[in-house]
Amino acid sequence: PQATFEGHTATEVSVVGSSTTNGSSQTINYTGRAYSLQTGAAQFTYYGFVTDTVVPTGPGTTAQGSAKTVYTPPLVDDSPGLEVGQTFTFTTTLVQTLTLDGVPRPPITDTQTHTVRFAGVEPLTIAAGTFQACKFEQFAGTGTSGTPSEQWLLLNHGTELKYIEPG
């Protein structure tokens, strides 16, 4: 659906999930909304995202948190136009506002550089079925050394189907 995020008209994509930290039996439940728009034939502009979490803090107790992350300026991603094996390097500044149990924290500003490599198109099976997906590898910094995060986007649509953080 269409939405407005930080004054920008965008497509809102919602996710609901849970995760556990390695070695922990505690489950963190989250909901998220990401805001982006296709701004060219092979280009997406990302405006930011909001994540709400419920974190166990002890037996029978939880903390509720919210994080709003804004790309300043919006992140223009040309990686959908890459050929297999090609890379795209970008630098972005994120401004994140955190709220924990209703108490806002001071904003955090972080500038990051990443390199994205298009690894190819492959079938991907998830709970909703099997889809043709574009696989991208994202490396911290410039270049392609180290262990990348991996992202699969629905072919010809750009919707994220799966994301894996390294580690």
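Rings of Phe, Tyr and Trp (its six-membered ring) pair if their centres lie within 6.5 Å; planes under 30 degrees apart are stacked, over 60 edge-to-face, and the rest tilted. The model here is predicted, so local features need pLDDT of at least 70 and side-chain atom pairs count only at pLDDT 80 or more, while totals for chains, interfaces and linings use all residues. Residues are numbered from 1 along each chain as its sequence is written, and side-chain values use heavy atoms, with hydrogens and water left out.

**Exercise 1. Aromatic pairs**

Find how many aromatic pairs the rule gives, and work through two of them.

Step 1. The count comes to 4 aromatic pairs. One of them joins F5 and Y35, which are stacked at 4.5 Å centre to centre with 10° between the planes.

Step 2. Check burial, where buried means under 20% relative accessible area, exposed over 50%, and partly exposed in between (1.4 Å probe, protein chains only). F5 is buried at 4%, and Y35 is buried at 6%.

Step 3. Turn to F88 and F90: their ring centres are 5.8 Å apart and their planes at 25°, so this pair is stacked. F88 is buried with 16% relative accessibility, and F90 is buried with 11%.

**Exercise 2. The neighbours of β6**

Which strands pair with β6, and over how many bridges?

Step 1. Apply the rule that two strands pair if DSSP finds at least two bridges between them.

Step 2. Start with β5 (residues 61-77), which pairs with β6 (residues 87-100) in the antiparallel sense over 7 bridges. Here K68 has T97 in β6 as its bridge partner.

Step 3. Strand β8 (residues 108-126) runs antiparallel to β6, and 10 bridges join them. The bridge partner of T89 in β8 is T115.

Step 4. Strand β7 (residues 103-104) is also antiparallel to β6, joined by 2 bridges, with T99 opposite P104. β6 and β7 make a hairpin with 2 residues between them, and D101 in the turn has a positive phi of about 50°.

**Exercise 3. Backbone exceptions**

Where do E6, N156 and P73 lie, and what is particular about their backbone?

Step 1. Recall the background: most residues other than glycine have a negative phi, and most peptide bonds are trans.

Step 2. E6 is not a glycine, yet has a positive phi of about 50°. E6 sits in the loop between β1 and β2 (8-20) and is partly exposed at 43%.

Step 3. N156, likewise not a glycine, has a positive phi of about 65°. N156 lies in the loop between β10 and β11 (160-164) and is exposed at 71%.

Step 4. The peptide bond from T72 to P73 is cis, with omega near -5°, and P73 is part of strand β5.

**Exercise 4. A charge over a ring**

Which residue lies over the face of W152?

Step 1. The test asks for NZ of Lys or CZ of Arg within 6 Å of the ring centre and within 35 degrees of the ring normal.

Step 2. The residue is K162, at 5.3 Å from the ring centre of W152.

Definitions and conventions. Helix = DSSP H or I, 4+ residues; strand = E, 2+ residues; numbered from the N terminus.
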